[in-house]
Amino acid sequence: MTTRPSPDSPLKIGTRGSPLALAQAHETRARLMASMDLPEAAFEIVVIKTTGDRVLDRPLKEIGGKGLFTREIEEALLSGTIDIAVHSMKDMPTLQPEGLVIDCHLPREDVRDAFVTLDGKTLADLPQGAVVGSSSLRRRAQLSVRRPDLRLVEFRGNVQTRMGKLRDGVAEATFLAMAGLNRLGMAEVPRTAIDPDDMLPAIAQGAIGIERRADDRAAADMLAAIHDVPTGQRLAAERAFLLKLDGSCETPIAGLALLNGGTLSFRGEILRPDGSDVLVEAGEAPVEDGATLGTDLAQKLLDRAPEGFFDWRT
């Protein structure tokens, strides 16, 4: 994108096609419209189907992990088919393809996990041996720590698909992100928000990132106007932590950075996939040293973890 967007030459915004992904793309468009005082027609939302959207009958670890939700979108960005791409940051690999950058984040939503049942039961209310559906290795491991009596089944798909599976009796409960429910306006979904002190969220949960071509200065200037600095500061620590751990959808990793004035605090954990062991580290640092803090805490966990800690086959 080399010129100011207009109805005759709209900025093309790439996104996945799920209701949540579209809601995030619409939020991005609305913020750009407001910051640039442009009409909706100056922006075009382009839906791109990813491998992760097409293959719903297998766990992510069996088909390649996080890049499955981004690869086709990033290829479209590199080819010039789209000008920017909107992503859920918890789906993003820690490294971008050469030529692409993410230096714009929208204000972060609620970071908490939501425990969802059709009748409003909490986790403590579930009877022994109840079935819980989740595709997240992190959530499955964390649940195994807290309720080893529960039976876990694979549960993939968007919010609407997962709610349909609950209605069909595939499981009695599942987990969703509070951020997604809020962005979709789904106040009617019975849920219990889980305090991060009880269950740390995924790295970057609740955050939206906007990717661009590294050499596109016009896009860089547009996105700088809507970038939320505190969200970027928190994610710098969280994603540095994930990068050092070489985290993917195959590894149960959780972490959350918080800001208090000029100080950033971070707590992170790694778990055995079966929930039999969990290691936690926490610390704080000046906000400008957030990435170093994330890296250092990850190294402490790596030093403590025995060989084979992340082996999901055991």
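## Sheets, helices and ring pairs

Three strands form an open sheet in the order β11-β12-β13, and their pairing is antiparallel; two strands count as paired if DSSP finds at least two bridges between them. Helices (H or I, at least four residues) and strands (E, at least two) are DSSP runs, numbered from the N terminus. The model is a predicted one, in which local features need pLDDT of at least 70 and side-chain atom pairs count only at pLDDT 80 or more, while totals for chains, interfaces and linings use all residues. Residues are numbered from 1 along each chain as its sequence is written, and side-chain values use heavy atoms, with hydrogens and water left out.

Strands β12 and β13 run antiparallel and are joined by 9 bridges, and E269 stands opposite V280 in β13. Helix α5 (residues 137–146) packs on this sheet, touching β11 and β12, with its direction at about 80° to that of β12; contact means heavy atoms within 4.5 Å. Helix α9 lies across β11 and β12 and runs at about 150° to β11.

The 17 residues of α9 should span 24 Å at 1.5 Å a residue, and its end C-alpha atoms are 25 Å apart, which agrees; the expected span is 1.5 Å times one less than the number of residues. Among the buried residues of α9 are L235, F241 and L245, buried meaning under 20% relative accessible area, exposed over 50%, and partly exposed in between (1.4 Å probe, protein chains only). The cover over the buried residues of α9 includes β4 (100–105), β11 (253–260), β12 and α10 (290–304). After α9 comes D246, whose phi is positive, near 55°.

A second open sheet has 5 strands in the order β7-β6-β8-β5-β9, with mixed pairing. Its edge strands are β7 (151–153) and β9 (191–194), each pairing on one side only, and the twist averages 30° from one strand to the next. The two partners of β5 are set out here.

| Strand pair | Sense | Bridges | Residue pair |
|---|---|---|---|
| β5 and β8 | antiparallel | 4 bridges | D113 with A177 in β8 |

In β5, D113 and F115 point one way and A114 and V116 the other, and all are buried. Helix α6 (residues 159–167) lies across β5 and β8, running at about 165° to β8.

A search of the whole structure finds 2 aromatic pairs, which are rings of Phe, Tyr and Trp (its six-membered ring) with centres within 6.5 Å, planes under 30 degrees apart counting as stacked, over 60 as edge-to-face and the rest as tilted. F115 and F175 are edge-to-face, 5.3 Å centre to centre with 65° between the planes. Because F115 lies in strand β5 (residues 113–116) and F175 in strand β8 (residues 173–177), this pair ties together parts 60 residues apart in sequence. Both F115 and F175 are buried. The ring centres of F241 and F266 are 4.8 Å apart and their planes at 55°, so that pair is tilted.

How values were computed. Axes are lines fitted to C-alpha atoms, for helices over the stretch in contact, and angles run from 0 to 180 degrees between N-to-C directions.
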